[in-house]
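Let's take a friendly walk through a protein model together. Please have a look at the sequence and the structure below before reading on.

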Amino acid sequence: MRSKLFVPGTRPELFAKALGSAADSVCLDLEDAVSEPRKGEARDAVRQLLQGGGMAASGKTVIVRVNAMDTPHFAHDIAAVAQPGVHLINIPKPESPAHVRSAVEAIERAEQANGVGAPIGLLLNIEAPAALRTAAELALAHPRVAGLQLGLGDLFEPLGIARREPAAIQQAMFAVRIAAGEAGVHAYDGAFADIRDAEGFRAEAMLARNLGFLGKTCIHPSQIAIANEVFRPTDEEIAHACKVVEAARGADAGGVGAYVVDGKMIDIPFVIRARAIVASARSLGLLPG
């Protein structure tokens with residue numbers, strides 16, 4: 001999921017374009033991109049799209065961002081969008097592990113009502129100081145949590161932190177990545193609001209990649225190609241990973257715990273990373289299956 005394209009629920013004319021785009025995933029948004037008077041309209045439009053049954057043909061990871069649990073919209077959103085074909089529900093502003101578990105209970109009820117077979121996962125937004133401090137606890141609150149997503153704008157603005165302050169960005173990213181690692185889930189980067197600043201988007205995406213994030217949110221189609229390029233394993237990484245995986249087979253057979261590939265010492269953590277790169281390359285068609 002290198003790239004995730006946001007689509008406001010009030011723009012159904014964009015749904016087909018988003019599903020036909022080069023983005024790995026599409027997030028249908030009922031929260032920030034939708035004004036208060038149009039929440040019901042957006043919810044109905046997204047529900048109709050999901051019930052249309054054409055989502056699987058897109059091959060994309062389908063995500064719906066619902067309104068926060070402390071709003072009157074949350075229960076209605078969940079009841080409407082916990083549909084077959086949805087992979088993840090994006091929960092904004094989770095406040096505690098109990099909130100996460102309550103969200104899961106609401107989703108389970110909606111799944112039963114809507115005939116959902118495969119359980120829908122959760123993507124939790126980390127966008128408040130307390131959530132950043134307890135991010136690992138939030139991620140460990142329930143097995144359905146698949147990842148943590150960093151929302152820098154929501155996190156920084158109330159604190160008076162400049163959205164593009166490099167030190168603050170790196171520290172917040174690092175904290176979320178470590179929390180995600182502790183919980184065994186993925187970390188996902190949030191939006192970059194200046195759609196005219198392609199190089200700024202690229203720089204932030206590169207930082208996220210270097211910190212082990214899975215991908216980055218795109219709020220405009222022009223950002224998709226950059227995210228896909230940045231989060232794609234490079235040819236050099238793929239070649240090295242293939243060597244490591246092959247060497248690991250021989251080392252395992254010979255009972256060797258550490259060895260050298262391309263002049264670099266290799267042990268278990270490097271093998272795990274190499275296998276992940278090879279799997280990613282295969283999923284992207286960069287290596288034969």
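Predicted model: local features only at pLDDT ≥ 70, side-chain atom pairs only at ≥ 80, totals over all residues.

A residue is called buried when its relative accessible area is under 20%, exposed when it is over 50%, and partly exposed in between, using a 1.4 Å probe and protein chains only.

Residues are numbered from 1 along each chain as its sequence is written, and side-chain values use heavy atoms, with hydrogens and water left out.

**Cysteines and domains**

How many disulfides does the structure hold? There are zero, where a disulfide is a pair of cysteine sulfur atoms within 2.5 Å. For Cys 218, the closest cysteine sulfur belongs to Cys 27 and is 12 Å away, which is too far for a bond. Cys 242 is partly exposed, at 29% relative accessibility.

The chain is divided into domain 1 (3-231) and domain 2 (235-284); such bounds come from an automatic or database domain assignment. Between the C-alpha centres of the two domains there are 32 Å.

**The annotated positions**

UniProt positions are given in the numbering used here, feature names are shortened, and annotations may be inferred rather than shown by experiment. An unreviewed UniProt entry places the feature "binding site" at Arg 65 and Glu 127. These two span 63 residues in sequence, yet no two of their C-alpha atoms are more than 14.0 Å apart, so they gather at one spot. UniProt also lists Glu 127 and Asp 154 for "binding site" (unreviewed entry). That pair is spread over 28 residues of sequence but clusters in space, with a largest C-alpha distance of 5.3 Å.

Where do these residues sit? Helices (H or I, at least four residues) and strands (E, at least two) are DSSP runs, numbered from the N terminus. Arg 65 is in strand 3 (residues 61-65), Glu 127 lies in the loop between strand 5 (121-126) and helix 5 (129-133), and Asp 154 belongs to helix 7.

| Residue | Relative accessible area | Class |
|---|---|---|
| Arg 65 | 9% | buried |
| Asp 154 | 31% | partly exposed |
| Lys 93 | 34% | partly exposed |
| Asp 262 | 45% | partly exposed |

Now for the neighbours. Contact means heavy atoms within 4.5 Å. Not counting residues up to four places away in sequence, Arg 65 touches several residues, among them Phe 6, Cys 27, Asp 32, Asn 90 and Asn 125. With its neighbours within four places left aside, Glu 127 is in contact with Pro 92, Lys 93, Gly 151, Asp 154 and Leu 155. Asp 154, counted in that way, touches Asp 32, Lys 93 and Glu 127.

Lys 93 is found in the loop between strand 4 (88-91) and helix 4 (97-114). The backbone nitrogen of Lys 93 lies 3.0 Å from a polar atom of the side chain of Glu 127. Lys 93 also has a phi near 50°, a positive value in a residue other than glycine. Why point that out? Most residues other than glycine have a negative phi. Asp 262 is not a glycine either, and its phi is positive too, at about 55°. Asp 262 sits in the loop between strand 9 (259-261) and strand 10 (264-266).

**Helix 9**

Helix 9 (residues 198-210) has 13 residues and reaches 18 Å from its first C-alpha to its last. That is close to the expected 18 Å, where the expected span is 1.5 Å times one less than the number of residues. Which residues of helix 9 are buried? They are Gly 200, Phe 201, Glu 204, Ala 205, Ala 208 and Arg 209. These buried residues pack against helix 7 (152-156), helix 8 (166-183), strand 8 (216-218), helix 10 (224-230) and helix 11 (235-254). Just after helix 9, Gly 212 takes a positive phi of about 90°.

Conventions: Polar contact = N/O pair within 3.5 Å; in protein donor to acceptor, adjacent residues only side chain to side chain.
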